[in-house]
Amino acid sequence: MGAVLAAGVTHFPPLALPDERMADVFRWALRDPELPTEKRVPAALSALLAKELADDDGLAAAAAHREELRRHFERVRTTLDEFAPDVVLIWGDDQYELFHEDCVPPFAVCAFDDLETRLWQRPFYKGRPNAWGEPEDTAYPIKGAARAGKKLTTELLGRGFDIAYSYQSLPDRPMPAAFANTLRYLDWDGAGFPYPALFFSINCYGRRLVKHKGGLAYLSSMPKDISELDPPAPSPARCFDLGAAVAEISLQSASRVALVASSSWSHAFLNEASHFLLPDTVRDRELFELLKGDKPGAWRDVTLEEVERAGQHEMLNWFCLAGAVDQLGVRPNWLTMVESDLFTSNKVFGVYDVAGGN
């Protein structure tokens, strides 16, 4: 029997920017010429937003937000080190990065060998300073887990999951932030992430992936004609069942496997009901309480429409994690939510008790 550790983090891209740039997405939203006048007054939007902006345009709040997230990444990394995994599987969303018009799989195992990526040459960071002051051409090495990826794909296909797989990315396509940022944040000091990583891509952006180039959905209202959109993302129930299958396969292996969901929860730039200004904190809290308590299985009943309405597209990664912990029957050892209205999204971190290992 193997051993399985389940964990969750964020890959929040602005965390890698200096403090003064961390709220750029909110400032971008305010530039919408069609934004109603009353929506330009922070205090009228939320007390938390007004508090974060304070009288320094959010600078102190950015430093505090960075430090809180750093501490949480450190705690997850410490747990990983104590667990000493043979492989770290990361469920993450592809935002028009590896997959374009040529092929968009609902699920894809990226069974990559060792590789190097240049984090700061990705479109979001190119030409901007990063929080570590690293040169733009800095190469970041990643240990791959190609054999583990082949084996997992074979097992999932045998269980009726039609999983795509990839052995390498095209040279002009960047490593998704969901994967590259996750490793860099878990390796905050930049010494190198020591564990082989297996990347499991979920098409979280679905109807918006090609139409709005993934994350650039921001400020793009959903068209009324459904034919203008791309096909939808996989359902939360299918992601939940997939996570359960991956957990079962991992537990039946002879390996120590860490299963990590990487995403923030509701995103302001996907929450049309807030004019793309605020995350849906009410809905995030509801799902958080289910996951934190004894009812992760209730996540399977959530619909894709509910997820999209709340701007929780990227949380499909966490639906995989919910299915995994429900299958394993493990409880959270630690689970916390960091709420923010200024910094794009709410973030959840956590680790669960280890399953198996005997």
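Strand β10, residues 347-352, is mostly covered, with six of its six residues buried; buried here means under 20% relative accessible area, with exposed over 50% and partly exposed in between, using a 1.4 Å probe and protein chains only. Strands are DSSP runs of E, at least two residues long, numbered from the N terminus. This is a predicted model, where local features need pLDDT of at least 70, side-chain atom pairs count only at pLDDT 80 or more, and totals for chains, interfaces and linings use all residues. Residues are numbered from 1 along each chain as its sequence is written, and side-chain values use heavy atoms, leaving out hydrogens and water.

Now for its partners, where pairing takes at least two DSSP bridges between two strands. β9 (residues 332-338) runs antiparallel to β10 and is joined to it by six bridges, with Thr336 standing opposite Phe349. β1 (residues 3-9) is also antiparallel to β10, through two bridges, and here Ala7 stands opposite Val351.

Next, hop over to Arg122, in the loop between β4 (115-117) and β5 (140-142). Arg122 is buried, at a relative accessible area of 5%. Setting aside neighbours within four places in sequence, Arg122 is in contact (heavy atoms within 4.5 Å) with Pro174, Met175, Ala177, Ala180 and Asn181. Take Pro174: 52 residues from Arg122 in sequence, yet 6.1 Å away in space, C-alpha to C-alpha. As for Met175, the Arg122 side chain reaches its backbone oxygen at 3.4 Å.

How values were computed: Helix = DSSP H or I, 4+ residues; strand = E, 2+ residues; numbered from the N terminus. Polar contact = N/O pair within 3.5 Å; in protein donor to acceptor, adjacent residues only side chain to side chain.
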